[in-house]
Every structure is written in structure tokens, then in C-alpha cells.
Amino acid sequence: MIAKIGRGSNLYGALNYNNSKVIQNNASILHLNNMFETPDGNYTTAQLLSSFLPNLAANKNTEKTAIHISLNPDPNDLVSDEDYIGIAAEYMKKMGYGDQPYVVFKHDDIDRSHIHIVSSTVDQNGIKISDVFEKRRSMEICRQIEKKYKLIRADEKISSNESLAFVPVDHSKGNVKSQIAAVVRYLQKYYHFQNLGSYNALLSLFNISAETIKKEINAEIKEGLIYFALDKNGDKATNPFKASLFGKHAGLSALQSHFLKCNETPVKSKEETKKNISQALAIAQSEKDFKAYLIEHGINIVIRRNEHGRLYGITFVDHNTRTVYNGSHLGKQYSANAINEIFSSTKSSPVLKGIDYPQKNDTSRHVSPLKNSLHPLFDFMLNSELNFADWGILNEFLLGGNAEDPEEQLFEFNMKKKKRRQTKK
């Protein structure tokens, strides 16, 4: 667990930063210590500030009366709200703030949950609480808390020799929100897809599904996106997660912009994909052979069937060109109906015009290495036998361990900037 301690003279600002996230449903108030409480549990920033006024009024000399602490467990830690309250209480008591008024906020607006604690640095008599060896004491307390609550130690080093892999979500391992976040934050960076159906086809390789929702806000219909983790059968295995939990890139607006950017697919890329599919159709004796050939050539197939087992939808994810194609967009001969007819029939596969097919007994082209453009994080997709892989250290690699919230970084920067201005004066 990592603790960050910030000090300043604007207690209202620290409270307002956190409470604004509560109002936006990106955070919640977990606990109030020695503070006034409301019957309904809802608070304005002014109401929260009122509990600190006696301490502030008694202060005579201390300039930095506000302390803003964030406690950040490892993304793979499973911490309940009750544990967060206990962790906050133990940390504040050992740091000398156990009797102070303080409020504990839980933030859920990024992939890892964490807590913020806002308090005053002066007690009810106006005397400043000691900050001697504050950082050293804080680190020691964090190690004690990690041991007591069985959290991952922040100072544990991960071997640089461990393999890195972008892997599917495994809902049975917990920490599902972090697993989904590690995927959806990066797909737009690596892949081209033109609509929600194509996006879902790509997501399904990671055992994730996305759906649009509509909600009326102030007499206006707003459209948004939610995500689910899927089980090995492709069925929903979790409650929905709001797209806002994973950042702006996972939201509907960002995706719609991405769809527009991907509308124009280079002809050369599309022809290369069609060529590989045609070669697979010419060689394959069954649907299983068809899939295996394409996987070996860097293309995953996502198939949709109705309750009678008939294939009604097919999507090709070409990792060589990092593009997702609906079968019918490539041409009628690659559509779901055409593919279904080929593999449900005992007749020989039809020959498609304009393609230089390999001979049936020609295995020289049956296996070919992928182009270097396939990012190593996606190597798992080329293993047709893989369903779930160990989660490993993807968070450490992609999210820098703690996946900093840009708003938090800005807030912290502004506090430091203000401190520098005051020092110059």
C-alpha cells in the first residue's frame, strides 16, 4: 500500500475536490470521524467543512491547516469497505490524527479503488499535530497495515524476467474491474474497428461485452455504455460496470469518434485479409481446420450462432493489420451465410475467383510467421487452446502499478504550485 500526504492552507478545496466526485457518482463517503452527520447521509462541502471550524478558529500560528492523504492498495488487492474504514482508522491513529475530525472518501473513478482522507493539522486547542519524521512513520505504518490486512507489499519487486501478456478476463479470480480496465483502455490504441458490433467481437476475445444504455437526465435522453465480464460460454458473469470507471477512452463518445476514424480501411490491408481467408477456405476440410489455419496466420474468428446452431454472424480480427472486419464487409463470399453454406455442406468448397490458391497437398504456406506489427501483448490470441491465462503483471507494465488518476495528479500539482508561490513571497 502506498500513502501520499499533501498539505495546504485550503481545507475547503480538499473537501470540495473529493465531494465533487461523490456528487458525480465517482466516489463515496465511507466514514466520518468526530464530525457532524446528516440524517440522509448526503453532504455539501460546506456541511463537511463545519466540523473543522472549531479547530480552525482555535489556530493561531499554523499556516497549512489542511492535510489530504491518499491510501492506495495494490490493484490486485481485494479490499472491502469495512477494511478500508479499519485501515483509515489505524493509519490516522498511528499518525497522531485519531481524535481529529476527518472524512474518508472512497474513489472508484479509475480501475483501482483507493481512499482519500481529509483532516486538519491542528487540534481543538489550535495546536499543530507533530509531523516529525512523517514520511518514515507513514511507511512503517503502511507495512504494518499490509501485514495485518494481508495486502501486497508495496516494496515487493517483480522480476523483470517474467513474461508479459495481454490476457482475457477471468471473472473467477476477482478484481474484475481492474482486469477489464487493463483491456478496454488500450484497444483503441492498437486496433481499428468501425462499429459497436466489431468492437464487441474484439472484446469477446478477452471475455468482455459492451452494451449501450439510455437514461433520462433533466428531461433529456442520454446514451452511455456499460461493460460485463463473460464466462467461458460467452454468457454474462458479472454485474455491469459503467464505462466512466475505465476512463474517457472506454466511453461511448470516444468510441464513436474512433469508429469514424476507422471508416476508411486501406484497400491493401483489406485485400491481404481476404487473401488469407480465401486460402483458408481452399485448404480447410472443416470449420475447425478453417479456424486453425487463420489463427496460425494471425486472424481470429468470432462466430455467432442462433439457438438451432446456424451461423448468422462472423467477424474476422486480423492482428497483422490490427483491423476488425465483419464478414459481409469483406464481400458476399466471406459473409456468415456463405461460410455457413460451405461448412454445413458435404460438397467441395467453392472456388473463389481472383485468388491464387495453394494446392490441397501444399503445406508450405500452411504455417507462416506473423508480421512484426502484432504487438507482443496480444500473443495469447494466437493460441487456440487458451481460454484463461494467469493475470500476471499486466497492471505493473501498462498501468504503472497504480494507474494514476489525471485529476488527482492535477490537484496534487496545483497544491505544490501554490506552495511554491507562497514560498517565493
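Visitor: What makes strand β10 largely enclosed by the rest of the structure?

Guide: In this predicted model, strand β10 covers residues 311-318, and seven of its eight residues are buried, so the strand is largely enclosed by the rest of the structure. Buried here means under 20% relative accessible area.

Visitor: How do you know that β9 and β10 are paired, and in which direction do they run, parallel or antiparallel?

Guide: Pairing requires at least two bridges. Seven bridges join β9, residues 299-305, to β10, and the two run antiparallel. One of the contacts across this pair is that of V302, whose bridge partner in β10 is T315. The hairpin of β9 and β10 has five residues between the strands, and G309 takes a positive phi near 90 degrees there.

Visitor: What makes β10 and β11 a pair?

Guide: The cut-off is at least two bridges; four bridges join β10 to β11, residues 323-326, so by the cut-off they pair. The two strands run antiparallel. F316 stands opposite Y325 in β11, and V317 stands opposite V324 in β11. This hairpin has four residues between its strands, with R322 in the turn at a positive phi of about 55 degrees.

Visitor: Why are β9 and β11 called edge strands?

Guide: The open sheet has three strands in the order β9-β10-β11, with antiparallel pairing. β9 and β11 each pair on one side only, and they are the edge strands. From one strand to the next, the twist averages 20 degrees.

Visitor: Which helix lies across β9, β10 and β11?

Guide: Helix α10, residues 267-283, lies across β9, β10 and β11 and runs at about 65 degrees to β11.

Visitor: Which residues of helix α13 are buried, and what covers them?

Guide: In α13, residues 336-344, the buried residues are A336, A338, I339, N340 and I342. Their cover includes α10, α11 (287-296) and β10.

Visitor: How do you know that the length of helix α5 agrees with its number of residues?

Guide: α5 spans residues 134-148, which is 15 residues. The expected span is 1.5 Å times one less than the number of residues. That gives 21 Å, and the end C-alpha atoms are 21 Å apart, so the two agree. After α5 comes K150, with a positive phi near 55 degrees.

Visitor: Which residues of α5 are buried, and what covers them?

Guide: The buried residues of α5 are E134, S138, I141, C142, R143, I145 and E146. What covers them includes β1 (2-8), β3 (66-72) and α4 (81-94).

Visitor: Why is C142 called buried?

Guide: The relative accessible area of C142 is 2%, and the cut-off for buried is under 20%. C142 is therefore buried. For C262 the value is 6%, so C262 is buried by the cut-off too.

Visitor: How many disulfides does the structure hold?

Guide: The structure holds zero disulfides. To count, a pair of cysteine sulfur atoms would have to lie within 2.5 Å.

Visitor: What makes N61 exposed, and where is N61 found?

Guide: Exposed means over 50% relative accessible area. N61 has 75%, so N61 is exposed. N61 is found in the loop between α3 (53-58) and β3. The C-alpha atoms of N61 and K128 are separated by 8.7 Å, with the two residues 67 residues apart along the chain.

Methods: Residues numbered from 1 in each chain as written. Predicted model: local features only at pLDDT ≥ 70, side-chain atom pairs only at ≥ 80, totals over all residues. Heavy atoms only, no water. Buried < 20%, exposed > 50% of the residue type's maximum accessible area, 1.4 Å probe, protein only. Axes fitted to C-alpha atoms, helices over the stretch in contact; angles between N-to-C directions. Contact = heavy atoms within 4.5 Å.
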